[in-house]
Each structure stands twice: as C-alpha cells, then as structure tokens.
Amino acid sequence: MIERTEYLDFLKKLKDKNIIKVVTGIRRCGKSTLFELYKKYLLENGVDKKQIISLNFENPKDMIFNDWKELYTYIEDKLLPDKMNYIFLDEIQVIPNFEKTVDGLFIKKNVDLYITGSNSYMLSGELATYLTGRYMQIHMLPLSFKEYLNYYGNDNELKKYDTYIQNGGFPYLLNLSEDKELIRNYLDGIYNTVLMKDVISRNNIKDTMMLESIIKFIFDNIGQLVSTNKISNTLNSNNRKNSVNTVESYLSNLIDSYIIYKISRYDIKGKEYLKTGDKYYVCDLGLRNYLLGGVKDYGSILENIIFLELKRRGYEIYIGKYDEEEVDFVIKNNDGIKYIQVALSVRDEDTLKRELTSLKNIKDNYPKYLITLDYDTNDFDGIKQISAIDFLTGRTNL
C-alpha cells in the first residue's frame with residue numbers, strides 16, 4: 001500500500017477531535033486503503049483492536065442491515081463503554097437514511113467517527129441538515145505525480161510523466177505492471193461501475209447513450225470554455241436529440257460522482273464571479289484516454305494535471321478573465337490570490353509572447369506564474385516561469 005501521506009496526516013491531526021471525518025472521492029481512488037493505513041497507525045499507537053469497528057458497505061458480508069436502525073443498534077452493542085471507539089463506515093451512502101446513524105453515533109462522547117462516500121450527495125440534503133458544522137471533509141483524488149514517482153523512482157521523470165498521463169493514477173494500476181490490456185480492463189471496470197452505481201442507478205437515468213455522449217464531449221474538451229447550450233447544440237447537430245435541461249441535469253450527476261469537476265470564471269478587473277462560461281476537468285487522465293481511445297492534446301492534459309494538483313493543495317480555483325484576455329487559473333487560499341498560465345512549452349518566441357500577454361495586462365500586485373513542461377526557470381518582469389515537473393514533485397512551490 002502506498003502511504004497517502006497528506007491524507008493520512010489530516011486524519012492523524014483530527015484523531016479524537018469531536019468532529020466527523022468525511023472522506024470523499026471517486027471510486028477506487030484509495031479511500032478504503034486510507035482507512036486501512038489509519039487503522040494500522042491506531043493499532044501501532046496504543047489503540048486496542050476491540051476499540052475499532054469497521055464496516056465496508058461495498059463488501060457483501062457487511063451488507064447485512066435493512067435500515068439505519070439496524071446498523072445503529074449493531075454498532076452501539078459493540079461499543080466499549082470505558083474507552084474511545086473508532087468507527088469506520090466505508091461507502092455508507094448505500095444505507096437508506098444513513099445520516100441518522102451518523103448523527104446518533106456522533107453525539108456519543110466515546111465515539112470517533114470516520115465515513116467515506118463516492119458521491120457528493122452524502123454531503124447535501126439530510127446529512128448537511130443533520131451535521132452542519134459537525135464534520136470536516138477531506139477530498140481524495142487518484143495518485144498525484146509525486147506519489148506515482150515515490151513508487152517508481154525519480155529517474156527519467158519526463159518518460160514517467162508520459163506513462164502517468166497515459167495510464168492515470170488509480171492506485172491499483174501499480175499492481176498491473178504496465179500491462180496495457182489489464183490496465184484497459186481495469187479502467188473499463190471503474191468507468192462502468194461509476195456510471196452504473198453513482199450516476200445511472202442513483203439518478204434513474206434512462207437515456208444512457210445520451211449520458212455517454214455528454215461524457216465524451218466533456219472529456220474531449222477539457223480546459224475549454226463550454227456552456228450547456230454549446231453541448232446541447234453539438235449533440236443535436238450529431239442527431240443526438242436533447243434539451244438544455246437534460247444536459248444540465250446529466251452534468252450535475254457527473255459532477256456529483258466526482259468523475260468531472262467544473263470551475264467557473266472570475267472577472268479579475270471587475271472583481272466579480274461570472275455566471276457564464278465554465279471549464280471542466282476530469283478526475284483522472286487514464287479514464288479519459290480509455291474513453292477517447294488514446295492520449296489527445298498534451299497541452300490540455302497538462303492544464304488538467306495542474307488543476308488536479310492545485311485542488312489537492314486546497315486552493316479555490318477559478319478561470320480568470322481580464323477584459324478580453326483569459327488566465328488559465330486564478331487561485332485563492334489564506335495567503336491570498338495568485339494567477340497561473342499553463343503552456344506545454346514557451347521556447348517559441350511567439351508562444352511565449354502570447355502566454356505572457358494576459359498576465360502582463362493585470363495591474364495588481366498578486367504573484368503571477370507561467371507553468372510549462374520546459375525545464376526552464378525565468379523571470380519576465382515579475383512573472384515567474386517554473387517547471388511543471390518541479391511543481392508537481394514539490395521541488396518548487398507557488
């Protein structure tokens with residue numbers, strides 16, 4: 001098992017804190033493994049095995065409960081009265097009204113509660129109503145490039161980057177020895193499981209071919225400004241009759257399942273959030289390549305990789321608009337605002353000029369970065385060019 005250090009450290013810091021730990025993310029990104037690593041840590045640090053109650057609702061042997069009351073009673077009967085009890089409930093969203101079990105356990109003083117889910121539904125509706133202010137979320141993604149290199153070694157980084165963007169970062173792929181047929185079969189299983197369990201079945205979708213058409217459109221247009229109208233019109237022109245409302249609904253379902261992410265635009269000059277023109281990124285490039293039949297558009301792929309890394313680091317992320325110019329990312333955290341432009345290479349003078357223009361036009365004093373796959377570092381009148389590989393591996397930070 002790869003130690004997902006950043007996620008594991010988050011759980012360690014919250015140990016015994018009176019707050020529910022909620023781990024979300026697409027299926028097979030490593031949530032259950034994270035729990036296994038954390039339980040191992042607990043056992044190595046003075047927690048007795050009897051203090052741990054763990055249920056995985058994707059495992060048939062744990063699917064023995066008809067409703068939330070049975071689950072609650074089962075766990076309550078196992079609690080040790082004079083010690084802290086560590087409760088792990090994996091993929092709990094499959095239990096109807098699970099939030100009532102969670103709420104009942106949370107109010108007990110000797111319970112430290114951890115739950116996971118593969119659909120953002122679990123953090124909306126009833127759960128949000130029951131648990132407002134009483135949970136902290138950690139959102140997991142497939143392996144970062146840094147984690148990938150930690151497994152394979154840091155030599156030949158660019159070659160390994162090519163393999164990484166080809167196969168993707170789902171942790172179990174490391175067991176498949178880069179066998180292309182096995183990898184494709186595994187990605188096929190993830191894709192169809194997510195679609196069937198987290199999108200089609202949960203949302204009672206009838207037109208599965210329309211859903212797949214929308215997914216392919218988004219996968220083929222990562223990093224591009226798109227609207228629901230544009231998607232609808234494109235599908236209609238390809239004889240896939242639909243309505244804008246259907247497209248909006250299906251996109252929402254896909255976002256809820258964590259297979260894609262949407263970011264909106266921010267008017268840098270007007271300092272306001274815009275309601276039109278969004279960008280979409282995929283959770284894993286391996287899934288994209290599986291669906292589209294191979295690697296397409298290395299520039300958009302790099303932009304997607306940088307987006308995922310920024311998300312891992314906890315930034316708020318927006319598309320920047322300054323007059324008629326676009327900035328790939330406006331990011332915010334407690335340290336303030338930063339602007340980022342992403343390009344495959346800027347060794348061509350015209351390309352460099354084009355990529356710098358939008359950043360140079362911004363008149364405030366927030367930091368500006370140009371991230372490229374070139375191993376070059378430069379300073380263009382305060383705009384710092386940094387290597388994407390150095391950024392992804394943590395050798396260079398923003």
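Tutor: V22 lies in strand β1, which covers residues 20–24 (strands are DSSP E runs of at least two residues, helices H or I runs of at least four, numbered from the N terminus). The model is predicted, so that local features require pLDDT of at least 70 and side-chain atom pairs pLDDT 80 or more, whereas totals for chains, interfaces and linings use all residues. Residues are numbered from 1 along each chain as its sequence is written, and side-chain values use heavy atoms, without hydrogens and water.

V22 is classed as buried because its relative accessibility is 1% (buried is under 20%, exposed over 50%, partly exposed in between, with a 1.4 Å probe and protein chains only). Leaving aside residues up to four places away in sequence, V22 touches I115, M122, L123, Y135, M136, Q137 and I138 (heavy atoms within 4.5 Å). L89 stands 67 residues from V22 along the chain, and their C-alpha atoms are separated by 9.7 Å.

The side chain of N110 reaches the backbone oxygen of L80 at 2.9 Å. Besides L80, N110 touches P81, K83, M84 and N85, again leaving aside residues up to four places away in sequence.

Helix α4 (residues 98–106) also packs with helix α3 (residues 68–78), at an angle of about 30 degrees and with the axes 8 Å apart (axes are fitted to C-alpha atoms over the stretch in contact, and angles between N-to-C directions run from 0 to 180 degrees). Helix α3 is therefore roughly parallel to α4 (under 35 degrees; over 145 is roughly antiparallel, 65 to 115 roughly perpendicular, the rest oblique). On the α3 side W68, L71, Y72 and I75 make the contact, and on the α4 side K100, T101, G104 and L105.

Beyond four places in sequence, E326 touches L225, K279, I319, G320, Q341 and S358. K13 is 313 residues from E326 in sequence, and the C-alpha to C-alpha distance between them is 39 Å.

Definitions and conventions: A polar contact is a pair of N or O atoms within 3.5 Å; within protein, one must be able to donate a hydrogen and the other to accept it, and residues adjacent in sequence count only if both atoms are side-chain atoms.
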